[in-house]
Amino acid sequence: MCGIVGYIGNKSAVKPVLSGLKALEYRGYDSAGISFISKDKPLTIKQVGRVEALEEELAEQGTITANLAIGHTRWATHGSPSILNAHPHQNTDETIFVVHNGIIENYQVIRSRLQKFGYKFVSETDTEVIPHLIDYYLIEGVSQETQASGVQGTDEERKEAVPISTVTANRSSKRSNLGASAGRVLGSARKQAGTVSFLEAFEAALKDLVGAYAIGAVYAKEPGKIYVARLSSPLVIGVGVHENFLASDPTAIMEHTKKVIYLNDYEVAEISADDVKIHDIQKAIAVHREHEELDFDQEKAVLGDYPHFMLKEIFEAPQTIQSATRGRLRADTNTVKLGGLESVDQQLKYIDRIVIVACGTSYYAGLVGEYLIEELAGIPVEVQLASEFKYRNEPFSRSTALLAISQSGETADTIAAIKKVEGYGVLRLGIVNTVGSTIARMTDAGVYCHAGPEQSVASTKAFIAQVTVLAEIALHLSQGRTRLYKPLLQELLKLPEKAKEILEHTEEIEILAKKYSGYRDFLYLGRNYSYPCALEGALKLKEISYIHAEGFAAGEMKHGPLAMIDQDFPTFAIACKSPLLEKTLSNIEEIKARKGPVLVIATKGDKQIKKLISDVIYIPDTLEQLQPLLIAIVLQLFSYYVAVEKNLNVDRPRNLAKSVTVE
Ligand code: F6R
């Protein structure tokens, strides 16, 4: 989703901002723009499409001398991808420039109030209210009351505090005096127009906004500063030597600095070349925060010889399992050591219910985790879509643990789900890939995936890492009290080799992908541990090949899905070694009897299946509990080859973004 990059320092600003925007391309976007101040004059350039188009247009400007720039890649939410809707947005006088990631939920109210005061809007975006609102406060002054009391905590309270919506004056010009007819917030205790600093106007504007934001703002009259703010959207400040950076995530700036400061909700920072001043607008206090050192492996974000990041990331499965188990599982002593959970081990002993919250692929990994934790540790687990969980009214006690799973660590719904349990005394755990991300920082304890940056929009290696970590957590929680403990621990350590075996023979999968790429619909079937795999397989196919696909528990076939089956509706059945295999084979027979084409994933050595089905992909034999790790690789490759056959943009499927940072 939208990406923000900013630079202020003693070097040329445009280059690092452009390279940062390119590094954020993986998040998904449809337009890009940049504002910079050159020789005290602000300039904004925007383009629809790729950052390269923006770069070409900048090249036409000749040499640009600018020490400050803010850039943005936009993933359209309010209004189509167009130059007018692209960021940065500005006020009418072209002195205030704003880039924004998130959604301003009350933008309609603010917009119509500002319009009544004479403000003109040129875009359909929610973001455009921000520069105009700052302009408004710069011109009209800021209520001392609002400044002193600070912004209220909840969205409801902040809705109450929206000064613009409480103004009842009938104004003909935005510059006329609100005077006594102003609403209760714009009351008598106002800081007078002309005496308001940009920072004060910026903070006053922020207090009006309801929703989520990461904002970078520049004021042409203060060409040595970038103002930033954050609420429920990711933002990081990079600290350099006589230069500082701003970005949606560290990948955008890590070639320049590994020193970072993460902003928290309701914090505002004033960034200059040599200083970062942070202010908490909720508590109305200055905040001192030391930088952190990034621990990043930049190499992994490079495509190398692979045609697509997705293929590269699928091929990283063996290392991914290794990285997720390294230092955690010991074959000689049969021990599991999860350092990230040590601090809460005592609390974990009293946990009698685990609620897993996640979205998309991470949710499906969570479903595998449910089977694993319940079978190994005997603790009841529920897996909930974070987007549903956050609005549900359900009871939970202090003996419930919430486990959030997220690759990016920035998914808005998952963050909201964690926030929801704040104040209930619920233990908040995380399985996160991105080190230092919001979810990693807001949970009480957790286990990192260590899968390295995932660039392709479709999540592949992250699923592998999440399931591996979930198996480790299940082992840990079982405290060795299950007969499966030792075999599963030993087998997990053998899985990298088994994953390699699949990756050495992908031809069969490629041939079958070509054969089946012409169908419009697909059914994925599985039972027990293979059921979440069927759901994930269907998601992977639809998101990158745009083929309608649905995942079902095989036992559900007669309860509805069987009606869809005919010669044009193929089924991808997962029929690996399991006590329930015979039942899945019966389902396959039923589909065949209705002329439905079937392809199957089976366990190597299974002779029976070939008699039934000719299109079979074999995986190496492993414990049923760990089959999802191998099955997922086959399903990912199948979707990948189908999308390649259809000549689609595999790494950046239409309409999707990598980090879903808005609801
Ligand atoms: C699918 C996919 C998405 C993500 C989902 C959650 O391939 O990538 O469904 O899994 O958006 O993202 P994270 O794991 O970053 O919270």
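Let me start with a term: a polar contact is a pair of N or O atoms within 3.5 Å; inside the protein, one atom must be able to donate a hydrogen and the other to accept it, and residues adjacent in sequence count only if both atoms are side-chain atoms. This is a predicted model, where local features need pLDDT of at least 70, side-chain atom pairs count only at pLDDT 80 or more, and totals for chains, interfaces and linings use all residues. Numbering runs from 1 along each chain as its sequence is written, and side-chain values use heavy atoms, with hydrogens and water left out.

Now the ligand. The backbone of valine 457 has a polar atom 3.2 Å from a ligand oxygen. Serine 406 puts a polar side-chain atom 2.6 Å from an oxygen atom of the ligand. For lysine 540, again a polar side-chain atom, the distance to a ligand oxygen is 2.8 Å. On its own the ligand exposes 400 Å², and the protein buries 90% of that (Shrake-Rupley, 1.4 Å probe).

Next, the shell. There are 14 residues around the ligand (a heavy atom within 4 Å). Ser362, Ser406, Ser408, Thr411 and Glu543 come nearest. By class, the shell has four nonpolar, eight polar and two charged residues. Here Ala, Val, Leu, Ile, Met, Phe, Trp, Tyr, Cys and Pro are nonpolar, Asp, Glu, Lys and Arg are charged, and the others, Gly among them, are polar. Helices H13 (360–377) and H20 (530–545) each supply at least two shell residues. Elements are DSSP runs numbered from the N terminus: helices are H or I with at least four residues, strands E with at least two.

Where does the ligand sit? A pocket is an open set of points on a 1 Å grid over the protein atoms alone, where a 1.4 Å probe fits, with protein on both sides within 12 Å along at least five of seven lines; lining residues have an atom within 4 Å of a point. This pocket has 28 lining residues, with Cys359, Gly360, Thr361, Lys658 and Val660 nearest its centre. H13, strand S22 (400–406), helix H15 (412–420) and H20 each give two or more of them. The largest share, five residues, is from H13.

Last, a backbone note. The peptide bond from histidine 87 to proline 88 is cis, omega near 0°.
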